[in-house]
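Here's a quick briefing to read alongside the model. Have the sequence and the 3D view open as you go.

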Amino acid sequence: MIAPDPFLSEHSAVVEKALARAAAEVTPDDFSGLIGDSGGSMLRAIREVVAADSLSIWIADVAETQLVVTHTEPDPGFVGWSQSLGEGLTSLAYASEQSLCENKVALNAAHSKRTDDALGQVTAAMIATPFYFGGAIQGVISCVQLKPSPDAPDPAGFSARSMNRIRRLSSVLEQLVNYRLLIRLFEMEL
Amino acid sequence: MTTSPTGSRCSGWPSLDEAREASRVGTGAGVRVAVIDSGVEARHPRLASLRIRDSVRFEENGGSVIAIENEGHDAYGHGTAVAGILHEIAPDAEVGSFRVIDARSVSRTHLICAGVREAIHRGYHILNCSFGCRGLAKFILPHKEWADEAWLRGVHIVAACGNTDSREAEWPSHFASVIGVDLAETTSESLFFRRDHLVGFSARGENVEVAWLGGGVQQQTGTSFATPRVSGAIARILSVYPGIPPAMMHTILSSLSEPWHPGLSSDR
């Protein structure tokens, strides 16, 4: 995780532990400050590339009982929405640490309809991929394609390539957040 | 005994042309495939003619693992999807449901090891592993031990790589003795082979309509659904040439597959 900088290498274990500790203390509320404008730009660009109606970052709360939406493109109204870690496909991606891509989401019993009902939407297709920083899984990045009603025709759906792009987005954001956490650590402790 | 292109099951090793013919006419008869997964919904309409030989659930009990017979029904849907694809490709193969993955699609290393070992000891010829464990060093030995045991006993292991990057190490797909399978962006039913790549095989796995929990169907994308296509192809060949060992099957299958090309990759 730590770049093989000769100056840092002998301290890498210590730095990694400190980074892991700092990551574990990140709450959903203070997460948005870690991705900043550059992270937000990436999310917007990728959402358009994969033709998603919405793209969200979910972070597990400190007690690891819930996933909380900390960032959404394009509509920030979803921020703060939470879902139990035993519920829904995002939780499945978190628990299994595997990316998933489904294009008939409504048919999956594991899909939580609570979110759809609350937001008055119908999720037709979804990608959910694990999101790591500080050397451990911390949440999930999801994107969805919606349709206006259950009877409406399904949208085009996502491809394996879309899933790869979301996975790569997750990797880039991981590096960005690790970097910013390290900066915090350096300012505070080193 | 199953029928071969010449009307009987063959005891020797095939030429490439004979193997190709076996992959065309073989049905999987006489071959046992263990689906190491979330279970199999035996009553699913798409599996009506599937012969399920074993249905076992593995769970932790006070620090040890216990096997519960006739409890291998599906916890999630994933194993039913895998069994359904396998059944399409090799309709006469017998399937064993070894349930080691829970309703959240999560497993533990010792559950997987117990499930796989049980399948090996019950005489299964192919282990379909549509799962992967993150490629951390601490997981190598437990998984390598059972992969080696399978190799020594002539049991074929077919395993999915991760959904998003076949180069990212996962166990068991990155063991050289295992037939690792990636997803190919194609609607073709062919298998593809890529030399100089640990996960050498790929097959269709994008937007596949699969059997799912509750008698329903799903549209899924993932390496998990490419893997049973390769297991099914092996079952077809084994049903005609049952004595082919894993190393030879790797060579045969790679020769019968179409060459991989970058257009099949989702990593672009």
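Which residue in β13(B) is the bridge partner of A:Glu102? That partner is B:Gln220. Keep in mind that this is a predicted model.

**Where the chains touch**
- Strand β4 (residues 100-102) of chain A runs antiparallel to β13(B), and two bridges join them.

**The sheet in chain B**
- Ten strands of chain B make an open sheet with mixed pairing, in the order β3-β2-β4-β1-β5-β7-β9-β11-β10-β14.
- At its edges sit β3 (64-69) and β14 (258-259) of chain B, each pairing on one side only.
- Inside that order, strand β5 (residues 126-129) and strand β7 (residues 156-160) of chain B pair in the parallel sense over four bridges.
- Look for B:Cys129, which stands opposite B:Ala159 in β7(B).

**A helix and a loop in chain B**
- Helix α6 (residues 246-256) of chain B has these buried residues: B:Pro246, B:Met249, B:His250, B:Ile252 and B:Leu253.
- The buried residues of α6(B) pack against several elements of chain B, including α1 (16-25), α4 (137-152), β7 and α5 (223-240).
- B:Ser49 lies in the loop between β1 (32-37) and β2 (51-61) of chain B.
- B:Ser49 counts as exposed because it has 8 C-beta neighbours inside 10 Å, and the cut-off for exposed is 12 or fewer.
- B:Ser49 and B:Arg229 are 180 residues apart along the chain, with 18 Å between their C-alpha atoms.

- A:Glu73 and A:Pro74 are joined by a cis peptide bond, with omega about 0 degrees; A:Pro74 is in the loop between β2 (66-73) and β3 (82-84) of chain A.
- Chain B has a cis peptide bond between B:Trp171 and B:Pro172, with omega about 10 degrees; B:Pro172 is in the loop between β8 (170-171) and β9 of chain B.
- A:Ala51 isn't a glycine, yet its phi is positive at about 55 degrees. You'll find A:Ala51 in the loop between α3 (28-49) and β1 (54-60) of chain A.
- A:Glu97, also not a glycine, has a positive phi near 55 degrees. A:Glu97 is in the loop between α4 (88-96) and β4 of chain A, and it counts as partly exposed, with 17 C-beta neighbours inside 10 Å.

Technical notes. Residues are numbered from 1 along each chain as its sequence is written. Chains are lettered from A and ligands numbered from 1 in the order in which they are written. This is a predicted model: local features need pLDDT of at least 70, side-chain atom pairs count only at pLDDT 80 or more; totals for chains, interfaces and linings use all residues. Two strands pair if DSSP finds at least two bridges between them. A residue is buried if 20 or more other C-beta atoms lie within 10 Å of its own, exposed if 12 or fewer, and partly exposed in between; C-beta atoms are placed from the backbone. Two residues are in contact if their C-beta atoms, placed from the backbone, lie within 7 Å.
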